[in-house]
Amino acid sequence: MEEKSIYSALTLAGITPFLACALLPLAGVEAIEPLGGLDQLAGSYGMAILCFLTGVHWATQLYASDKVPLNLFVGSNAVFLAVWIAYVATNLTMSLVAQLVAFPLLLAVDFRLQQTGLVSRHYLGIRFIATALACFSLLFILVSR
């Protein structure tokens with residue numbers, strides 16, 4: 001399997017929990033016991049994905065620090081920390097709203113990385129699809145609460 005296929009498949013598979021948390025309530029499923037409510041699961045999963053995306057940015061900073069157009073240690077970490085603070089210090093609604101803002105911000109960072117040639121156009125396209133689906137799911141969850 002080539003690299004594009006691997007990260008494409010993993011990225012699209014990684015978005016399915018968001019979609020499930022957004023759409024399963026339409027089928028009458030509100031929670032997955034003992035894990036909890038689907039909106040809470042989406043919030044926890046979103047934190048994990050944002051942490052992963054921040055880690056990818058950190059790795060980019062480490063392997064290409066001379067080419068990176070901005071300090072990813074500071075920029076991506078600031079976004080993650082803001083969302084983490086919302087997650088631990090506010091209610092679930094505010095946490096999901098913070099994630100809804102953070103996903104496009106981190107996509108904008110990837111757009112800058114693509115402009116400098118550090119990530120491919122294909123990768124950015126897959127990230128765009130995943131971000132759009134995550135944001136759709138989070139927005140759907142927020143409206144449905």
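Reader: Is the crossing of α2 and α4 left-handed or right-handed?
Author: The crossing of α2 and α4 is left-handed. A crossing is called left-handed if the near helix is turned anticlockwise from the far one by less than a right angle, and right-handed if it is turned clockwise. Helices here are DSSP runs of H or I with at least four residues, strands are runs of E with at least two, and both are numbered from the N terminus.

Reader: What kind of model is this, and how are residues numbered?
Author: This is a predicted model, in which local features need pLDDT of at least 70 and side-chain atom pairs count only at pLDDT 80 or more, while totals for chains, interfaces and linings use all residues. Residues are numbered from 1 along each chain as its sequence is written, and side-chain values use heavy atoms, with hydrogens and water left out.

Reader: Back to that pair. At what angle do α2 and α4 pack?
Author: The angle is about 25°, and the axes of α2 and α4 are 10 Å apart. Axes are lines fitted to C-alpha atoms, for helices over the stretch in contact, and angles run from 0 to 180 degrees between N-to-C directions. The two helices α2 and α4 are therefore roughly parallel to each other. Angles under 35 degrees count as roughly parallel, over 145 as roughly antiparallel, 65 to 115 as roughly perpendicular and the rest as oblique.

Reader: Which residues of α2 and α4 meet?
Author: From α2 they include A42, G43, G46, M47 and L50, and from α4 they include L96, Q99, F103 and L106. Contact means heavy atoms within 4.5 Å. The residues of this contact of α2 with α4 divide into twelve nonpolar, seven polar and two charged. Ala, Val, Leu, Ile, Met, Phe, Trp, Tyr, Cys and Pro count as nonpolar, Asp, Glu, Lys and Arg as charged, and the others, Gly among them, as polar.

Reader: Q99 is in α4. Is Q99 buried or exposed?
Author: Q99 is buried, with a relative accessible area of 0%. Buried means under 20% relative accessible area, exposed over 50%, and partly exposed in between, with a 1.4 Å probe and protein chains only.

Reader: What does Q99 touch?
Author: Leaving aside residues up to four places away in sequence, Q99 touches A42, G43, G46, M47, L50, V83 and L138.

Reader: Now α4 and α5. How do they pack?
Author: Helix α4 (residues 92-115) and helix α5 (residues 121-144) pack at an angle of about 170°, with their axes 10 Å apart. They are therefore roughly antiparallel to each other. In this contact there are 16 nonpolar, four polar and three charged residues.

Reader: And α2 with α3: at what angle do their axes cross?
Author: The axes of α2 and α3 cross at roughly 165° and come within 9 Å. This pair, α2 and α3, is therefore roughly antiparallel, and its crossing is left-handed. Residues of α2 including T54 and H57 meet residues of α3 including S76, N77 and F80. The contact of α2 with α3 holds eleven nonpolar, eight polar and no charged residues.

Reader: Where is T54, and is T54 buried or exposed?
Author: T54 lies in helix α2 and is buried, with a relative accessible area of 5%. Residues up to four places away in sequence aside, T54 touches S76, N77, F80 and L106.

Reader: Which residues in the largest nonpolar core touch the most other members?
Author: Of its 25 residues, they are F18, C21, L50, V83, L96, F103 and I141. The elements giving two or more residues to this core are α1 (3-23), α2 (38-63), α3 (72-89), α4 and α5. Another core, of ten residues, lies apart from it and includes A64, V109, V119 and I126. A nonpolar core is a set of buried Ala, Val, Leu, Ile, Met, Phe, Trp, Tyr and Cys residues joined through side-chain atoms within 4.5 Å.

Reader: Why do nonpolar side chains come together?
Author: In soluble globular proteins, nonpolar side chains tend to be buried together.

Reader: Let us turn to loops. Where is L118 found?
Author: L118 is found in the loop between α4 and α5, and L118 is buried at a relative accessible area of 13%. L118 and T60 are 58 residues apart in sequence and 7.9 Å apart in space, C-alpha to C-alpha.

Reader: Which residues does a cis peptide bond join?
Author: A cis peptide bond joins E33 and P34, with omega about 10°. P34 is placed in the loop between β1 (31-32) and β2 (36-37).
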